[in-house]
Amino acid sequence: MSAELDSLYQEIILDHYKNPHHKGLRDPFEAEVHHVNPTCGDEVTLRVHVADGVVADVSYDAVGCSISQASTSVMTDLVIGKPVEEAMSIHEEFLTLMQGKGNVEPDEEVLEDGIAFSGVAKFPARVKCALLGWMAWKDATGQSLDSQSISSQGGTDD
Amino acid sequence: MEGLLPDLEVVRKDFPILSRTTPDGRPLVYLDSANTSQKPQVVIDAMVDHLERHNANVARAMHLLGAEATEAFEGGRDKVASFIGASERDEVIFTKNASEALNLVANTLALPGPRQVGPGDVVVTTEMEHHSNIVPWQMLTQRTGADLRWFTFDDQGLLDLSQVDELITERTKVVTFTWVSNMLGTINPVAELTRRAHEVGAIVVVDASQAAPQLPIDLAAMAPEERPDVVVFTGHKVVGPTGIGVLWGRRELLEELPPFLGGGEMIETVTMERSTYAGLPHKFEAGTPPIVESVGLGAAVDYLAALDMEAVHRHEQAITAYALDGLSGVPGLKVLGPLDARLRGGAISFELDGVHPHDVAQVLDVRGVAVRAGHHCARPAHAKFGVQSSTRMSSYLYTTPAEIDALVEALHYTRSYFKVD
């Protein structure tokens, strides 16, 4: 019984839950989003700063369960400092793992601490928790890129 | 323990699902009955028998099965009317669920007619409602230019009745509130609020989704000035099936309200230009109704009546008191709502310091204890306590003290698993 729980709540997850990385809202940022999980009320406000095609910072404020909080913390570790394109492919990899119903073998080279969430994929009710911060990040990053392309277009027109 | 249903073990045998186990062989401890109740064999059998032997559409099939199906469907209405003490069977309208019943009232009040709500009018609800008794009224007031106002509640989870004079005025057209809160458990003063609303000519709509399963309801025994104008509840919380809700309304009011959905069954005559409408209850029942669901609901309320709703209520109070006592022994646990079992229903929401409700529910589930975690469709009530969500245990007539012990033990285990100490 405890083994079932332990496959969900790996030590890495509980560590990130107790001591989340990169938490708090910071400047500068181009986009801020607010995502909720309507079934349970978990919420995240998340900011993204992209500079020269690199994810320069991700900052956030969130309330929610251990899975959603730890997943957001791990996500920031994985994407900050990475070129946007590479960060997006890590996002894809994590999404595939979460939607794999426990049948996907995670690539530790790519997902690092993120592999701790492979157990979550076996608990359908918790997959949304694990994806809350990741979806917010993708949304904010898209908006951030859009705002930069608009302002750079504006610059060309001048 | 005093107050428990006599022959509780025999009663439990009526509910086949209670004898199943979890995948690792643990007995199932079902403490999510405010979400949906389990079903006794007699309800399951009644529905199967209907589908096996009497199935046809109602009121339009001119053959043996059509007549039997119509009799069975309308028989469900008779049983529900008797269960709530309605003076007339035709005042019982079947809907899809309690939400649809509330939407029926809120939508038809926006339409032209003697009860039409308009600019300057006030609709009063409360801060402890289920979303289904907030959102339809927001939609009504936004569409009509009326004002939506609400009672707040105190730290104990009791409505602040000092706001009565300010909220219920000559401008107030509708006062709506839950009889028993699905989150706080609070039992609200139906008679007192209804009397005050009637003094200013407002109609009273009561959400009895949590009350109907656990309190005796006798509309006929209520003084007319203290009797709500509309009472709604849902079938699946009173040991009946999903897919059927009940709207009881006072005949004069239901006749004043325009039809809600148009279609078959709700008409008298139809030409291409216009239609005239059927009388009650069919005026509000467009299309093929929930037929087998009515059969199941009829069997369900008969089952509850045979147990005696006074006895069911005593059982709930005894279990709730025992649960409140057990929960008070869990360190860091805070109950959101009244701590006196006599003031509340059987749904107990709580916070456990240091562990998120999702994680509580997950650990309990592994121990075979089923509870709900989240906002229970009552976000405003949670916001009042400064939280997003809570864990909720909800007992019912089949809940045993041993199941409460299992919950409390699993909560201690949850704290140790998350190393809260």
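Reader: Which residue stands opposite B:Val122 in β5(B)?
Author: B:Thr172. Keep in mind that this is a predicted model.
Reader: How many bridges join β3(B) to β5(B), and which way do the strands run?
Author: 3 bridges join them, and the strands run parallel. Strand β5 of chain B covers residues 172-178.
Reader: What about β4(B), how many bridges join β3(B) to that strand?
Author: There are 5 bridges to β4(B), residues 147-151, and that pair is parallel too. Within the pair, B:Val124 sits opposite B:Arg149.
Reader: Is β3(B) buried or exposed?
Author: Buried: 5 of its 5 residues, 122-126, count as buried, so the strand is largely enclosed by the rest of the structure.
Reader: Which residues are on which side?
Author: B:Val122, B:Val124 and B:Thr126 are on one side, with B:Val123 and B:Thr125 on the other. Both faces are covered.
Reader: Switching topic. How many residues are in contact between chain A and chain B?
Author: 14 residues of chain A contact 15 of chain B.
Reader: Which elements of chain A give two or more residues there?
Author: α1(A), residues 2-8, and β2(A), residues 42-51. The most comes from α1(A), with 3 residues.
Reader: And how do the residues on that side of chain A divide?
Author: On the side touching chain B, 7 are nonpolar, 4 polar and 3 charged.

Note on methods. Residues are numbered from 1 along each chain as its sequence is written. Chains are lettered from A and ligands numbered from 1 in the order in which they are written. This is a predicted model: local features need pLDDT of at least 70, side-chain atom pairs count only at pLDDT 80 or more; totals for chains, interfaces and linings use all residues. A residue is buried if 20 or more other C-beta atoms lie within 10 Å of its own, exposed if 12 or fewer, and partly exposed in between; C-beta atoms are placed from the backbone. Helices (H or I, at least four residues) and strands (E, at least two) are DSSP runs, numbered from the N terminus. Two strands pair if DSSP finds at least two bridges between them. Two residues are in contact if their C-beta atoms, placed from the backbone, lie within 7 Å. Ala, Val, Leu, Ile, Met, Phe, Trp, Tyr, Cys and Pro count as nonpolar, Asp, Glu, Lys and Arg as charged, and the others, Gly among them, as polar.
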